[in-house]
Amino acid sequence: MSTTTHTESYRQVEIPPIPYTPEVLIFPTPQEVDLCSAQVVQEQLMAKPDSVLTLPTGGTPVGMYRHLVESCRAGTIDFSQVRAFNLDEYYPIDPNHQASYARFMRDNLYAHVNMNSDRIYVPNGAAPDPDIEAAEYEALIKQYGPVDLAVLGIGPGNTCHIGFNERGSDVNSRSRYMALDQQTQQANSIYFAENEVMPTGSLTQGIATILEATRIILLAKGAGKAWGIQRALRGDIGSDAPASYLRYHPNVTFILDHQAAQYL
Ligand code: F6R
């Protein structure tokens, strides 16, 4: 691994004197979270057909993608001019591996909508040097950004991660290699075969990268996210809860189901 960070020319996150209070929408069911988040994406693309998006993987956004695919088939949403950056990818992983995020995005969205393949970006989990890959990914986001809408999930347990920015992530971090927290590895091991050793690392957009999006929505469903949501919105802002950094951004909406919101 090289030690170059390639971050020298990037500006620092502006820390407001008083943190912002994110908008919080709480729905009775996870299905309503799916619908609401799909509507936000749809409205974004109607307002700006060539939007730049940051998109997540995982269990949470599957229902949102299902709605977006249905809307595209019905002709009410058009992806032809959209540019989309993944939040993250495992490292190392073959992009064709069934649990890779490249594969997830293909299976859940890109294979079913009219996305232009030249406008799809996922960090390459098979790149020989993760530092160079991450720096090139960051440079691409800078080239085509700012991201108009970033869609996020939140990590399990008390990881409070966004992207794969695990605890300890700096507010000024950029896209980089990041070792996965034990809790993240445990939660995501369900996507790997029993006899398989899952990757212990990732390539992720950094906190500063994410905070440069014009608008951010964070989706969370289920009791397993309740602690993290409470910590992110009500606890101190800091590196032990990376999702708390979202309170430095003026335009963030948390879209939650009742269970994820139970400690608010
Ligand atoms: C995935 C990502 C992660 C997930 C988070 C929650 O691209 O960036 O931050 O959003 O680990 O995962 P699920 O939705 O599986 O609970």
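**Note on the ligand site and pockets**

1. In this predicted model, the shell around the ligand divides by class into four nonpolar, eight polar and two charged residues. There are 14 residues around the ligand, and those that come nearest are T60, D88, H161, G163 and K225.

2. The side chain of K225 places an N or O atom 2.6 Å from an oxygen atom of the ligand, while a polar backbone atom of G163 is 2.7 Å from a ligand oxygen, and a backbone N or O atom of G59 lies 2.8 Å from an oxygen atom of the ligand. Taken alone, the ligand exposes 410 Å², of which the protein buries 92%.

3. As for its location, the ligand sits in the largest pocket, whose volume is about 380 Å³. This pocket is lined by 22 residues, and the closest to its centre are T57, G58, G59, I154 and K225. Helix α5, which spans residues 182-188, gives the most to this lining, with three residues. By class, the lining of the largest pocket holds 10 nonpolar, 10 polar and two charged residues.

Technical notes:
Residues are numbered from 1 along each chain as its sequence is written. This is a predicted model: local features need pLDDT of at least 70, side-chain atom pairs count only at pLDDT 80 or more; totals for chains, interfaces and linings use all residues. Side-chain values use heavy atoms; hydrogens and water are left out. On a 1 Å grid over the protein atoms alone, a cavity is a set of points where a 1.4 Å probe fits but cannot get out, and a pocket is an open set with protein on both sides within 12 Å along at least five of seven lines; lining residues have an atom within 4 Å of a point. Grid points are joined across faces, edges and corners, and a volume is the space filled by probe spheres set on the points. Helices (H or I, at least four residues) and strands (E, at least two) are DSSP runs, numbered from the N terminus. Ala, Val, Leu, Ile, Met, Phe, Trp, Tyr, Cys and Pro count as nonpolar, Asp, Glu, Lys and Arg as charged, and the others, Gly among them, as polar. A residue is near a molecule or strand if one of its heavy atoms lies within 4 Å of it. A polar contact is a pair of N or O atoms within 3.5 Å; within protein, one must be able to donate a hydrogen and the other to accept it, and residues adjacent in sequence count only if both atoms are side-chain atoms. Accessible areas come from the Shrake-Rupley method with a 1.4 Å probe; for residues, only the protein chains shown count as cover. A molecule sits in a cavity or pocket if more than half of its atoms lie within 2 Å of its grid points.
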